[in-house]
Amino acid sequence: MITLNQNEYFNGLVNFVLFMRLYALNKSKKEKTIVDVFATETLEYGDQKAFPFAEMPKVEDYDLTSSLLSDKPIKYSEEFIGNPIKKKIALSYIRPFLKMAMMDANGMSIFVGHILGLMETTKEDYLYNEIMKDLINWAPTNASKTGKKLNQSISLYTETGAASASEVMARRQLNQENIEIAWQKTFDDFSIYSDAFLDVDNKTDGTNFKSGLNLDDLIFIGNARFLNEQVVSLMATLLKSDVIDKNFRKPYLLKVPQLTFDNNNAENVIGFVAHKHWYQWFYHFNFMGSFFDIDTVRTKNVLHFWYSKGRLKGLPASKVTANFIDFPSN
Amino acid sequence: MQKFSFNKREDLLIPATSFFRPIKDGNDKPLSGETLLKAMEKIADKYETENERPVPIPDQKFLAWIRQYNKMASDGISSEKIFQRTISKI
């Protein structure tokens, strides 16, 4: 008969659950956390994922002179995500001391399970903060080039000088409508082939990289401060069409707590519209192990996780920021 | 510290922590501990059949224990008894 001690049981359980998450073998429907949304497949071997993309070929006029043998090369580019960040989380406990603080084996099991679970929670918290920092601090290289819409600004009115509550409400209403219009316009612009949302410089490089998106490739990442019910229901109304029915996949809306934006000095960032794989991260390796020191009777658990993260310039994205202005006086 | 002892011991299958967010079945109902352990055996078998190698976790003894657990459960032994017999408290 195979017997395990409690540590072997918990470690095995944790590592198996990590394995299930890593290899996405769990087919059940569960709520995606913000961290899950940007996660792509684990890269078990190799240290980089390569993403090739090509420019669009040119349209020409018909010509009676044959150009069959002339070469029409198109330019390719390749991006890489993969600079493994290696982290670990360690904690140790001395079982006999813990037992003295517990009333029975049940309490002990619950507590040990809780602290092992805390390690996974710590990892999620770390990944969440790293991902949000990356997103919010995005500074595209070609944002200032003509025709680019990588950074967009919406003018919103402050409440300064409002003489009454109804005037305050009216300004808020106006602001909300402006945000809705901007989201709608950006969403529409994403659906046509364009380089306005790509961080590439076609003019200087002599290339023709463009992208257009399907609805189900889009993701909206919104600051909760600017996402009230009207804007969220906009996502539903965007798809009011005879062609699209309730089974049609909608763009994914990710609402991020206002506190995250405030903590990153980005109070006025309304959000991002992007291809769902524009930003991604993936594990290389994820493992929990334990060690029992017979000298001190201490058990040490270590959770290792190695991951890479990055953005793709070949995929479209746009950051939308609020520019607060005073309401024009009469 | 004053200690209490209880006559009946209940062993915890899966800890109720934030890490173990309930895994749900196709009808969106959380799986019970026993069902989860059964599902784990199926997942391990499926992975090993498809990939022709063992599940890549260091705790191979745990995988053997899961198979033993499910065998004992199918022989009619309660999960509480299985835990009492196969998990030592040290």
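Is A:Trp281 buried or exposed, and at what relative accessibility? A:Trp281 counts as buried because its relative accessibility is 3%, where buried means under 20% relative accessible area, exposed over 50% and partly exposed in between, with a 1.4 Å probe and protein chains only.

Residues are numbered from 1 along each chain as its sequence is written, chains are lettered from A and ligands numbered from 1 in the order in which they are written, and side-chain values use heavy atoms, with hydrogens and water left out.

On confidence, chain A has a mean pLDDT (the predictor's confidence in each residue, from 0 to 100) of 81, with 85% of its residues at 70 or more. Over residues 239-245 of chain A pLDDT stays under 50. Where pLDDT is low, the predicted coordinates should not be read in detail.

Turning to the rings, the structure holds 20 aromatic pairs over all chains, a pair being Phe, Tyr or Trp rings (for Trp the six-membered one) with centres within 6.5 Å, and planes under 30 degrees apart counting as stacked, over 60 as edge-to-face and the rest as tilted. A:Tyr9 and B:Trp65 pair edge-to-face, 5.4 Å centre to centre with 70 degrees between the planes, and both residues are buried. A:Trp281 and A:Tyr283 also form an edge-to-face pair, at 4.9 Å and 80 degrees, and A:Tyr283 counts as buried at 12% relative accessibility.

How values were computed
Contact means heavy atoms within 4.5 Å.
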